[in-house]
Amino acid sequence: MIIHDMCRDGLLQALLMRMCLFVICLSLPYALHADKLSSLYSILNIKLNDPLLLKDAVTKGKERAFLCVYCHGSDGNSKRGYIPNLADQNNKYLLRQFEMFSSKQRNNRIMSELAKNLDDDDRVNIALFYSTQKVKSGSASRPELLSAGKKLFISRCSSCHGDNGHGKEMLPRIAGQPVGYLKKTLNSYRNNPDMRPNSPMQGIAPALNKSDQAAVIEYISIME
Ligand code: HEC
Ligand code: HEC
């Protein structure tokens, strides 16, 4: 009986061990992801706290961003409606997106290829360059939607993206993004969950009906 119990305990232990290993293996990519991000944030903070290092980083970031100008503009104001502005975007959010693109947790072929080729220092410098540029918001093409859009923004979006739409740290600034990008992005949170998985936006976007979505987008695109 005792031997039988011991065998059973041994088996149980082996089983538990395997389960632990399985869970560790499953969570490893996320742990690595978090480690990588926290090391990027440390480099970021060092540069932010030293005016000379910051100036040097912004200059280098601008030089390194020559590959981005064609789509995101020389000052981070996008050249086309479906491409996001990077100007004034939060630096930690930008770093997180590089990581998401290069690990393909956020799916966009061109951006994944580009992000993979940026080393840690490039990423921090580029994030510092874009986050210190000034965004040029759009002007309303359908002003009749603005007051409904503002109400929706305050009740449904401001708790995370801030009253001014500037977000904070890893929460993106959405104020001043082009209408086309906002529309494409909200539609893909609703219809294409694989594009940016595990996002709170997947619960939020589907709750907007077509006219709510058009109104809130109009308002966000003119916010400064
Ligand atoms: C050929 C056009 C193109 C080029 C060149 C390009 N991008 Fe992009 N980028 C895009 C598009 C399109 C998106 C939006 C992807 C999506 O819909 O998810 C994007 C998204 C991004 C985002 C996410 C922004 C957000 O608001 O979430 C960042 C950050 C970014 N690009 C940085 C860069 C950097 C840095 C470079 C240069 C190294 C670069 N991009 C070059 C087209 C481009
Ligand atoms: C519970 C918090 C939360 C609320 C509320 C919220 N968002 Fe978001 N939103 C996020 C987070 C976090 C992201 C970052 C990216 C991701 O996880 O997909 C994001 C990303 C976005 C993006 C993509 C930004 C980019 O640059 O690619 C848009 C557009 C957006 N939200 C619009 C809205 C709108 C419009 C509302 C209100 C109807 C709203 N959000 C409400 C948390 C929130």
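Q: What makes the 19 residues around Leu94 and Leu95 the largest nonpolar core in this predicted model?
A: A nonpolar core is a set of buried nonpolar-type residues, Tyr and Cys among them, joined through C-beta atoms within 7 Å. The largest such set has 19 residues, and those with the most contacts inside it are Leu94, Leu95, Val124, Ala127 and Tyr130. Helices α1 (2-48), α4 (91-102) and α6 (120-131) each supply at least two residues of this core. The largest share, six residues, comes from α6.

Q: Which residues is leucine 95 in contact with, leaving aside its neighbours within four places in sequence?
A: Leucine 95 is in contact with Leu37, Leu40, Tyr41, Leu44, Arg123, Val124 and Ala127.

Q: Why is α2 called roughly perpendicular to α6?
A: Helix α2 (residues 51-64) packs against α6 at an angle of about 95°, and their axes are 7 Å apart. Angles from 65 to 115 degrees count as roughly perpendicular, so α2 is roughly perpendicular to α6. On the α2 side the contact is made by Leu54, Ala57, Val58, Lys60, Gly61, Lys62 and Arg64, which meet Asp122, Val124, Asn125, Ile126, Leu128 and Phe129 in α6. By class, the residues of this contact are seven nonpolar, two polar and four charged.

Q: What makes α7 roughly perpendicular to α10?
A: The axes of α7 and helix α10 (residues 210-222) cross at roughly 90° and come within 7 Å. The range for roughly perpendicular is 65 to 115 degrees, and α7 is therefore roughly perpendicular to α10. In α7, Leu146, Ala148, Gly149, Lys150, Leu152, Phe153 and Cys157 meet Asp212, Ala215, Val216, Glu218, Tyr219 and Ile220 in α10. This contact divides into nine nonpolar, one polar and three charged residues.

Q: Why does aspartate 88 count as buried?
A: A residue is buried if 20 or more other C-beta atoms lie within 10 Å of its own. Aspartate 88 has 21 C-beta neighbours inside 10 Å, so it counts as buried. Its place is in the loop between α3 and α4.

Q: Why is arginine 190 called partly exposed?
A: Arginine 190 has 16 other C-beta atoms within 10 Å, so it is partly exposed. Arginine 190 is found in helix α8. Not counting residues up to four places away in sequence, arginine 190 touches Ala205 and Pro206. The C-alpha atoms of arginine 190 and methionine 201 are separated by 8.3 Å, with the two residues eleven apart along the chain.

Q: Which residues are closest to ligand 1, and how many surround it?
A: Ligand 1 is surrounded by 17 residues, and the closest are Cys68, Cys71, Pro84, Gln97 and Asn108. Helices α3 (69-72), α4 and α5 (109-116) each supply at least two residues of this shell. By class, the shell around ligand 1 has 14 nonpolar, three polar and no charged residues.

Q: Which residues are closest to ligand 2, and which helix gives the most to its shell?
A: Arg156, Cys157, Cys160, Pro172 and Ser199 are the closest of the 19 residues that surround ligand 2. Helices α7 (146-161), α8 (179-191) and α9 (201-204) each supply at least two residues of the shell, and α7 gives the most, with five. The shell around ligand 2 has 13 nonpolar, four polar and two charged residues.

Q: How many helices and strands does the protein have?
A: The protein has ten helices and zero strands. Buried residues make up 27% of its 224 residues. Among contacts between residues at least 6 apart in sequence, 72% join residues at least 24 apart.

Key. Residues are numbered from 1 along each chain as its sequence is written. Chains are lettered from A and ligands numbered from 1 in the order in which they are written. This is a predicted model: local features need pLDDT of at least 70, side-chain atom pairs count only at pLDDT 80 or more; totals for chains, interfaces and linings use all residues. A residue is near a molecule or strand if its C-beta atom, placed from the backbone, lies within 6 Å of it. Helices (H or I, at least four residues) and strands (E, at least two) are DSSP runs, numbered from the N terminus. Ala, Val, Leu, Ile, Met, Phe, Trp, Tyr, Cys and Pro count as nonpolar, Asp, Glu, Lys and Arg as charged, and the others, Gly among them, as polar. A residue is buried if 20 or more other C-beta atoms lie within 10 Å of its own, exposed if 12 or fewer, and partly exposed in between; C-beta atoms are placed from the backbone. Two residues are in contact if their C-beta atoms, placed from the backbone, lie within 7 Å. Axes are lines fitted to C-alpha atoms, for helices over the stretch in contact, and angles run from 0 to 180 degrees between N-to-C directions. Angles under 35 degrees count as roughly parallel, over 145 as roughly antiparallel, 65 to 115 as roughly perpendicular and the rest as oblique.
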